[in-house]
Amino acid sequence: MSDSARDPRRVSPQPEEPEAGPGAGPPGTAAVRLGTPTGRWVVLTAVLGSGMALLDSTVVNVALPHIGRDLGAGLAALQWTVNAYMLTLAGLILLGGSLGDRYGRRRVFVIGVVWFALASLLCGIAPDAGVLIAARALQGVGGALLTPGSLALLQAVFHPDDRAAAVGAWSGLGGVAAAVGPFVGGWLVDGPGWRWVFLINLPPAALCVLVARRHVPETRDPTAHGRFDAAGAALGALTLAAVTYALIAAPDKGLSAWVIVPAVAGVLLGAAFIRTERRRPDPMLPLGIFRVRLFSAVNVVTFFVYAAFSGFFFLSVLQLQVVVGWSALVAGTALLPTTVLMLLLSSRSGRIAQRVGPRVPLTVGPLLCAAGMLLMTRVGRGASYWRDVLPPLVVLGLGMVTLVAPLTATVLASVDVARAGLASGINNAAARAAGLIAVAALPLAAGMGPDAYRDPAAFSGAFDLAMVYCAGALVVGAGLAWWTIREPKPASCHPECAFHCGVSAPPLDPGDAGAGPVGT
């Protein structure tokens, strides 16, 4: 398999139906311009697809207490409602882009959108927690196809002079979708009900498919060949599934065979995954990239940081509803400061990091986030939004602003430009895997029982302890950044995804596309 076939972000800019016009490149290169009707339709398609996935990732957390009460589910079922999606998404996202390279990026993107919409429908009509969890896993499969596919469309279709602007528009508008997610989720939960958190995906999905079929040129990589690393994808997903099951089952099952067997299986499957990737000539995850010291260091920092973020956003919405007693709408709206700050200040933070280098932002950012999470321990019954909730969220948001853009730039600049897209995809998957493990492990570490979210007093004490653990993970991340990240190389890297409001993973970024078509 070619490098571009196994790299979800490396795309060969060769649309089968290029749009001719002023400024179009030579035959065989991308020619759609951003200011043309086709260019605007392409951006709309990419924004609808990725925005749908971003919106879903933020609205579901707000609905968790209502889902649990309506379906009679325990805390473990709520953990799986979040983790089933992250499991399949993290396990398959590195494979999603290569499918588009081989079979057509528009085709695979549309399949992902339809798949995501049908899984959302199944979530919305789920009669019990088991069906909901299975449907969420199916949603993750669709997300693994459409998330890298939305960026691949832009990279493959647009003229080189317009790619950065197109990706910037996609990133900014997608950030808006993520920012309004908690508000929309709360409004839906308190209004028509939690099922509409999933059913709301159907109209934008239908519009996205219609626009894509009518206005987006099909593209594929003619050099893509060889076999897909299906074995690697399966082993990676099964490793995460086994470890996650053991962590979620432990509070209820204890050190029984229900916990020990999947834990041991996870270790064995992980070893098999590493062996498979090492031996394949065309692995989904080329392990050689981890020989780059800076790249490996940043990914370890990413793991600790995003584990803390995922744990925080999973538990804080429950704290605001279960303990403080706020409605889903108020609890969701309360979280807006973090995403709004990221939307407004991320690009400025990236420019500052280019001047000072990555070491200081990647050290200070996690420490600010840790301070914000420790301040959240003041949030309990009778808490005031302005006195108790807003200050920690502002501190957390400023820490995320300081951290995320430099982290993305450092990942891209740690490898040569031909592998920058692969580096971004791996970093994104690492963050999602970290979130998956954190959501599974934090309730266990904090002593939350199966019914903890129904007992305000018990949940509040465990929440405070969980925030201390999250802050500790961030401090570890800051320490690792300070001791391991010294190269000034990222100052020369200019990520195209300048705006980002997602809290579950760093933005996918194609690398320095301005350098010319990848692979030429």
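Q: Before we start, what are the ground rules here?
A: It's a predicted model, where local features need pLDDT of at least 70, side-chain atom pairs count only at pLDDT 80 or more, and totals for chains, interfaces and linings use all residues. Residues are numbered from 1 along each chain as its sequence is written, and side-chain values use heavy atoms, with hydrogens and water left out.

Q: OK, which helix gives the most to the lining of the largest pocket?
A: That's H16, with five residues; helices here are DSSP runs (H or I, at least four residues), numbered from the N terminus.

Q: And what's the lining like by class?
A: It has 17 nonpolar, six polar and no charged residues. Ala, Val, Leu, Ile, Met, Phe, Trp, Tyr, Cys and Pro count as nonpolar, Asp, Glu, Lys and Arg as charged, and the others, Gly among them, as polar.

Q: Switching topic: where do Lys253 and Arg359 sit?
A: The charged end of Lys253 is over the ring of Trp258, 5.2 Å from its centre. Arg359 lies over the face of Trp482, at 3.6 Å from the ring centre. The rule wants NZ of Lys or CZ of Arg within 6 Å of the ring centre and within 35 degrees of the ring normal.

Q: Is Trp386 buried or exposed?
A: Exposed, because its relative accessibility is 64%; the cut-offs are under 20% relative accessible area for buried, over 50% for exposed, and partly exposed in between (1.4 Å probe, protein chains only).

Q: And Phe116, buried or exposed?
A: Buried, with a relative accessible area of 0%.

Definitions and conventions. Helices (H or I, at least four residues) and strands (E, at least two) are DSSP runs, numbered from the N terminus.
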